[in-house]
Amino acid sequence: MPVKDYVNMTETAGKAIPRPDEWHLVERLKKGDAAAFKLIVESRKDLVYNTAIGLLQNAEDAEDITQEVFVKVFESIHQFKGESAFSTWLYKIAITKSLELIRSRKRKKRFAFVTSLFGENNEPRYEPVDFVHPGVQLDNRERAAKLFHAISQLVDNQRIAFTLHKIEGVTYQEIAEIMGVTVSAVESLIHRAKGNLRKTLEDYYKNQA
Amino acid sequence: MKSREHIQKEVDLTLESLEGLKRAETMPFFYTRLMARLEQPEVAVWNRWMVWLAKPAVSLGILLLFLMLNGYLLMNKYQQEDEQVTPGTEYVAQQISYFDNGTP
């Protein structure tokens, strides 16, 4: 279905669903129901945004990725077979797109370093320093900034597991489904993430002396 | 110099700084912005190709293929030259042995 046709469709006005059932909404979206898409976006946008901002540590990038995720949902809804929860599928897309952006930024950063050797003034733009999640309590902002900086140094798997659990509040069982690993593997990833964060923070505070 | 206890306390407090974290929310009118994006024309195919080519695995693969092709062409060229040079070399060798033997 072309995007333009979809956008021009008439919404089923006045038929507000108080507690949108995921499966029902997905089925409606597959049939091209614009109201169903709007309900999905409105009910799930913060889930996607919070995941993206936790991984990317940048509000503008998180907004961009959230849009991309829903564009992907719109374009690929027929690929969703309902074998997992719809939210699991959304998390997977959000993580994949966030990591793609992080890797692309790292590539650009490396390229900028190479070009700088040849005298071009190509400064790397992506530096997640001093990011503070907007949901952090006021008293904790300074410490949270240090923690987020340490999180940005974790390897991908540990960062994903830790972010989903601590920032998005996802259970170990669902993280296992999202990452395609066992629950014990998730436990191990989070345990190692905590260990690495502790080590990074210890080094930081030692050097502060 | 800060004591070990002090550092451990700071680390613990920092690790606990996400307690009570609230979920981040998108800016208002997200759906409107999303619809505007959906109405935009698709990214040019050329741009997608450039993104694909910029991946290290792809660019290094192409470079390796290019070097292998160059190596193959150079080898072929030397072989052909050898074949062309051989009669001449034989001729020179014959000439040398002819004069070395002292016969006019």
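This is a predicted model: local features need pLDDT of at least 70, side-chain atom pairs count only at pLDDT 80 or more; totals for chains, interfaces and linings use all residues.
Residues are numbered from 1 along each chain as its sequence is written, and chains are lettered from A and ligands numbered from 1 in the order in which they are written.

Chain A has nine helices and zero strands, with helices (H or I, at least four residues) and strands (E, at least two) taken as DSSP runs numbered from the N terminus. Of its 209 residues, 33% count as buried, meaning 20 or more other C-beta atoms, placed from the backbone, lie within 10 Å of a residue's own.

Now take helix H4 of chain A, residues 59-76. Its 18 residues should span 26 Å at 1.5 Å a residue, and the end C-alpha atoms, 25 Å apart, agree with that; the expected span is 1.5 Å times one less than the number of residues. Among the buried residues of H4(A) are Ile65(A), Val69(A), Phe70(A) and Val73(A), but also Glu63(A) and Glu68(A).

Further along, H7 (residues 156-166) and H9 (residues 183-207) of chain A pack at about 95 degrees, their axes 8 Å apart. Axes here are lines fitted to C-alpha atoms over the stretch in contact, and angles run from 0 to 180 degrees between N-to-C directions. So H7(A) is roughly perpendicular to H9(A), a label for angles of 65 to 115 degrees. Residues making the contact include Ala161(A) and Phe162(A) of H7(A) and Leu189(A) and Ile190(A) of H9(A), contact meaning C-beta atoms, placed from the backbone, within 7 Å.

Methods:
Angles under 35 degrees count as roughly parallel, over 145 as roughly antiparallel, 65 to 115 as roughly perpendicular and the rest as oblique. Two residues are in contact if their C-beta atoms, placed from the backbone, lie within 7 Å. A residue is buried if 20 or more other C-beta atoms lie within 10 Å of its own, exposed if 12 or fewer, and partly exposed in between; C-beta atoms are placed from the backbone.
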